[in-house]
Amino acid sequence: MSAATRSVDRPAFLSPRVLLRAGGALLILAVAAHILHSLVGFAGSSTDGLFAQWVFPGVELVAGAGCLLRVALVREDRVAWFAIGIGIVSLATGGVLWSLMYASDATPPSPSLPDAFFLFFYPCSYAGIVLLMRSHLARHRAAVWLDGIGLALATAAVVTAIVLPPIIEAGTGNTGALITSVALACGDVMLLSLVVAALTISQGRLGASWWLLAGGFVVNSVTDVAYLRLIATGDYVRGTVLDSGWLISATLIAFAAWQRPRPPAEHVDEDRAIFAPLAAAAATLALSAYGIVGVLTPVAAALTVATLLTVMVRLAITLAENRTMLVHSQEEATTDALSGLGNRRLLMPDLERAVESEGATLVLFDLDGFKIYNDSFGHPAGDALLQRLSRRLKEAGDAHGGTVYRMGGDEFCLLLPATGAAAEPAIDAGLEALAETGEGFAIAASHGTVVLPEEASDARAAMRLADQRLYSRKGGRRSSPYGQTKAALLQVMQEADRDLGDHGYGVAALATATARRLGMDAEEVDEVGRAAELHDIGKIAIPADTLRKPAPLTMEEWRLMHEHTLIGERILSAASALAPVGRIVRATHERWDGGGYPDGIVGEDIPLGARVIGVCDAFDAMTGGRPYRGPVDCGAAIEELRRCAGTQFDPRVVGAFISAFSELEQPWRESRRAAIPVAR
């Protein structure tokens, strides 16, 4: 045995630890001697009385004292172990009284005083088990407790069916003996059932203390059941190895008292949990079959019916839980976690139904300025802003009979059951709901609308058209401070070198389409487009002779060229709204393998927007030509991108660019007004 004990002034040989070890060794030796004496006559037949009258009750007294010593020294579960200890002492007292009063009586009375002490063991044990279950079993859902109850009832039904018939048959002539035997049998049935319930609910994860305790009670009950059957048939012989079962039981319980308990296990293994109702159902099936060919007592039959009802209730609860989980999972799958609005998965079937209706309007909103707000105030503040705007947009949608969805990021949808002029108030209300200003920030929204089914034949076509109109409107906005600043910088580039402006427009067309193909959200796509338009802004500080030099550049000229991304970042950072764009511009000439400039960063450390612009910039430059060579065709340029994927360029970005180019080739060509050689 092992336990933490209090330190007090006493002789070393009287310390609790020494007493516990001595008591444990004494119990093991006494039980072993009793088993050997029963099996092989250890110590001779002259010691029969010694083992029956002294060793037998002595073991139970020491075991009970061990439990009570734990009560004195350990605060945890003190009441539970007091009840169990008193129960074992009661067994020992009954044994002593039996030896003193009826050891030589051939026909002892029944019931008798010792029987009262034997029976008192059961309520003490029940109280101890229930208190320990309350302390060490976590609060599980009802289905788990039903598993324990169902298997406990099944255990009671099986044991009752086996034990009661011979007891009842043998005791028909002696009512007192019959009542006593039935009471003992019922006590054992309840004890086994409680143990089974505890182990089932915990799924056997209660630690060594519970396993020893359960083993002790099970051994006691099995020994009692065997004893009662032998008594009923007149075959019981005192002093056999069967009697050792009671000593083993008491010893196991005493050892259980001094094990460190395991914390409650709150997680339920669903794969293991299914075995309890299956086992209970199998037991009822077996008992029902037994009742057909044999005699099933009314008690066993009632317990069988109770078990079956419990399994049925468990099944009903499981079905209800599964249905609730299914509904919950469906809601989670179609609901945006941050805003509580429906998501794209909910929108698409609603949109398909709208296409088939007599008339509806799809409005796609995208926030302007949210990326800057998020970068300036942090993601928690950004999430709080999105939640506020979502609530206001939903209120506006509800007021006009529409349904609001969040597409992810800062994109929202409004589906209205109206078209034309009837939809305009709802759209205006949506734009107003998505606008918010404060110190250092201004949030507004761009939008694209599609009339259904007039302008789109299916949901995907409607979304594509709304997306195109949104970006067209977003790109056309020039009234904001950002729009005015960007327009001024683009005009500066155009005035300094028209080629720089044309090149920026071409790269922007390529970059925004590639960013969408990569799955970047609307704000990120917009930011990539801004950075692409302005990625060469730093070259206005490079002498024109260097930019258009037809011969190879000198080392000093290359050093100056490598400064243009840093110059561009400094120019753009002067306007706070363009600071995030400046960070992307700084990294547009970094390489996937780390050989780029100005920082030599590698792979995923390069901002994704910069990687996109790097690929599109190279393609536009190759197809537009250089001062020292003419332009190449699109096919050759794409092959060059493939060749450099994994070294100069991000392979994933190259793949997205190539797959998107068939759709963006025409608008890209239109955006480039002339194929004049551009700067490096």
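The model is predicted, and local features need pLDDT of at least 70, side-chain atom pairs count only at pLDDT 80 or more, and totals for chains, interfaces and linings use all residues. Residues are numbered from 1 along each chain as its sequence is written, and side-chain values use heavy atoms, with hydrogens and water left out.

Helix H23 spans residues 579-586 and is mostly covered, with 6 of its 8 residues buried; helices are DSSP runs (H or I, at least four residues) numbered from the N terminus. Helix H22 (residues 564-573) is likewise mostly covered, with 7 of its 10 residues buried. Among the buried residues of H22 are His564, Glu569 and Leu572.

Leaving aside neighbours within four places in sequence, Leu351 is in contact (heavy atoms within 4.5 Å) with Leu362, Leu415, Leu452, Ala459, Ala462 and Met463. Ser181 lies in helix H6 and is buried, at a relative accessible area of 17%.

The second largest pocket has a volume of about 1300 Å³. A pocket is an open set of points on a 1 Å grid over the protein atoms alone, with protein on both sides within 12 Å along at least five of seven lines, and its lining residues have an atom within 4 Å of a point. Of the 47 lining residues, Trp98, Phe118, Tyr227, Ile231 and Tyr236 are the closest to the centre. Helix H2 gives the most to this lining, with 7 residues.

Tyr227 and Tyr236 also belong to a cluster with Phe56 and Trp246, linked by ring pairs. Rings of Phe, Tyr and Trp (its six-membered ring) pair if their centres lie within 6.5 Å, with planes under 30 degrees apart counted as stacked, over 60 as edge-to-face and the rest as tilted. The count comes to 13 aromatic pairs. The rings of Phe121 and Tyr122 have centres 5.4 Å apart and planes at 70 degrees, so this pair is edge-to-face. Phe121 is buried at 2% relative accessible area, and Tyr122 is buried at 5%.

How values were computed
1 Å grid on protein atoms, 1.4 Å probe; cavity = no way out; pocket = protein on both sides within 12 Å on 5 of 7 lines; lining within 4 Å. Points joined across faces, edges and corners; volume = space filled by probe spheres on them. Helix = DSSP H or I, 4+ residues; strand = E, 2+ residues; numbered from the N terminus. Buried < 20%, exposed > 50% of the residue type's maximum accessible area, 1.4 Å probe, protein only.
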